[in-house]
Amino acid sequence: MALEVTNLRAGYGKKTVLTDISLRLGDGEIVAMIGVNGAGKSTTLNTIFGLIPPQAGTIRYNGQEIGGRRPGLNVLDGMTLTPQGARVFPNLTIHQNLTMGGYTIRHRSEVNARRENVFRLFPVLAQRLNQRAGTLSGGERQMLAIGMSLMMKPKLMLIDEPSTGLAPLLVTEMLEHLKRVNRETGTSLLIVEQTQQIMTIADRVYCMKLGRIAVEGKPERFMDREELRKAYLADVGE
Amino acid sequence: MLAQLPQVLVNGVVLGAVYALIGVGFAIIYSTLGVLHFAHGIVFVAASYLVFWFSLTMGVPVWLGIVAGIVIAVGLSLLINALIYEPLRAREARPYIVLVASIGTFIVLENLIGIQFAFIPRLFELPFSKVLLTPILVGNIYLTPIAIIIVATAIVLCVGMYLFFSCTKIGTAVLAVGHDTELAEIVGMRTKLVRYVAMGVGSALAAVTAILWCIQLGQVDMTIGWVALFVAFFATIFAGEGKIAGAGGTGFIMGIVWNVAALRFPTKWSQTILFMFVITMLWMKPEGVFGTRTGRMGK
Ligand SMILES: Nc1ncnc2c1ncn2[C@@H]1O[C@H](COP(=O)(O)OP(=O)(O)OP(=O)(O)O)[C@@H](O)[C@H]1O
Ligand SMILES: [Mg+2]
């Protein structure tokens, strides 16, 4: 089991946003997380990754309890977070951003090899090596953000809305890229998404509502518009 | 007048070197912590007065006094970070709150030191001051050994900083912490540690600069804190966002402009001319002399 979260409670300061989250992610599995704005999807990813201390519950990564530990330690153990909104370092070049993505890698030759690997997936980035990331288009920036995570050759990737800012055609392409990474390296993916296209690559889906998991199921169940609508509106604990 | 020009330029470079040292130290802290660290001024006052106190009133050996002065001044800055900046950061205080807290800290500490030593300037003559201040004639230019030391230190430092921040991975990482602390944490950096190290290095530079400068001036003076602060602030902003070695470059420019202005106009005009120059330059190139266009006003 790559990731196992049980009865997680978390929030900001004294405020509780996640009331009770339990979810599992098998090795090599792709799990999608959907839900309305403000349901707590980003908060869930950030808490798993260690940016927000949990208030209660457990987070197990490969069987080890990791709740509340520093993100840097999770990175060293092969977990990455690609935060929402295509976050990159705007004043640094593409080259430097990728180097920073692989900050914890010791050997320079290894960093270079992995950078090449990212370019194989996103050739656009290779053409703009010395362009500052702040001047990239939204879509290019999203590719760079995911490329930064890929630098770590992660075993588990937490990705927060990878399709935002991408043209519809590129959404499919981006999701196919992620599927390919999953297939080639066996990386487990927990992807927060709003677009229905995520159902084409997901093995399983969680639908969040008001800080809880409201519905869990196979993607086929959410393919249908009406079913999806029901899931979004579902009473918590259905 | 043209005959004086070489000497004037040299004087400008010497003053510019002091400004460069001041600017680089402040820029390191500003770029990494993202804080307009007004309390930086107190490090200059503390370092120089501590050396004065240890070596000239308490009779501590000079070298020990200097080392102790630097260490305590740096410790003070780390304490300011631990007690003020880090807690305010954790509580997500707005930048101007941090700014006001910083200015407040400066004033409190300045007054404490002032009450201890009286606010008047004191003679600062270390045993080797006489040697360091005896001018030597090079060609037809007068130079003091202390001036040579200051210029050499400043040049080595600016070049070193430039190489560190543009060519090394750790240098890039320090800049990254300054740009986006959370993202830096996400890629695995120990951002808090980086902030303390930046504070320590920037303050150590300030302490060394303060001591060199006071040896050159032959006195310790409370006003050094405010003067250094203004120079630091202007050199850093004038250089451009995140341009740490650039703050050294602008320090040199400011020192040279000051002295060249004095060549043509009465010295009471020097300050006015310098800042008119700075404002004009910023008006023409708002991103700073070495800056690249990223930020926009209101963004
Ligand atoms: N830094 C913060 N401080 C306080 N409350 C926050 C903070 N960030 C988010 N929240 C609150 O937590 C709740 C969940 O936010 P979160 O960002 O996890 O939602 P989300 O499901 O990712 O939404 P979206 O689809 O819009 O990204 C919201 O009610 C939000 O107001
Ligand atoms: Mg979100």
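**Figure 1. A salt bridge between Glu184(A) and Arg120(A) in the predicted model.** The side chains of Glu184(A) and Arg120(A) meet in a salt bridge, with an N to O distance of 4.0 Å. The coordinates shown in this and the following views belong to a predicted model. Across the interface of domain 1 of chain A and domain 2 of chain A, the rule finds one salt bridge. Five residue pairs in polar contact, both residues at pLDDT 80 or more, are also found across the interface of domain 1 of chain A and domain 2 of chain A. On the side of domain 1 of chain A that touches domain 2 of chain A, at least two residues each are supplied by α1 (41-49), α2 (71-76), β7 (156-160) and α7 (168-185) of chain A. Helix α7(A) gives the largest share of that side, six residues. By class, the residues of the side of domain 1 of chain A that touches domain 2 of chain A are 14 nonpolar, six polar and four charged.

**Figure 2. Domain 1 and domain 2 of chain A.** Chain A is divided into domain 1, made of 1-78 + 156-238, and domain 2, made of 80-153. Taken over C-alpha atoms, the centres of domain 1 of chain A and domain 2 of chain A are separated by 23 Å. In the contact region, 24 residues of domain 1 of chain A are in contact with 16 residues of domain 2 of chain A. About 1,800 Å² is buried between domain 1 of chain A and domain 2 of chain A, and carbon and sulfur atoms give 63% of this area. Val75(A), Met157(A) and Asp160(A) supply 23% of the area that domain 1 of chain A buries against domain 2 of chain A, more than any other three residues.

**Figure 3. Surroundings of ligand 1.** There are 14 residues around ligand 1, of which Gly38(A), Lys41(A), Ser42(A), Thr43(A) and Gln84(A) come nearest. In the side chain of Lys41(A), an N or O atom is 2.7 Å from an oxygen atom of ligand 1. Asn37(A) places a polar side-chain atom 3.0 Å from an oxygen atom of ligand 1. For Tyr12(A), a polar side-chain atom lies 3.3 Å from a nitrogen atom of ligand 1.

**Figure 4. The interface of chain B and chain A.** Here 18 residues of chain B are in contact with 23 residues of chain A. The area buried between chain B and chain A is about 2,000 Å², and carbon and sulfur atoms give 64% of it. Across the interface of chain B and chain A, the rule finds two salt bridges. Asp180(B) forms a salt bridge with Arg87(A), with the closest N and O atoms 2.8 Å apart. Between chain B and chain A, five residue pairs are in polar contact, both residues at pLDDT 80 or more. Two or more residues of the side of chain B that touches chain A come from each of α7 (169-179) and α8 (181-186) of chain B. That side of chain B has seven nonpolar, five polar and six charged residues.

**Figure 5. A salt bridge between Glu29(A) and Arg204(A).** Over all chains, a search of the whole structure finds 13 salt bridges. The side chains of Glu29(A) and Arg204(A) meet in a salt bridge, 2.7 Å from N to O. Glu29(A) lies in the loop between β2 (15-25) and β3 (30-35) of chain A, and Arg204(A) lies in strand β9 (residues 204-209) of chain A, so the pair ties together parts that are 175 residues apart in sequence.

Key:
Residues numbered from 1 in each chain as written. Chains lettered and ligands numbered in written order. Predicted model: local features only at pLDDT ≥ 70, side-chain atom pairs only at ≥ 80, totals over all residues. Heavy atoms only, no water. Domains from an automatic or database assignment. Contact = heavy atoms within 4.5 Å. Buried area = accessible area lost by both parts, 1.4 Å probe. Polar contact = N/O pair within 3.5 Å; in protein donor to acceptor, adjacent residues only side chain to side chain. Helix = DSSP H or I, 4+ residues; strand = E, 2+ residues; numbered from the N terminus. Nonpolar A, V, L, I, M, F, W, Y, C, P; charged D, E, K, R; others polar. Near = heavy atom within 4 Å.
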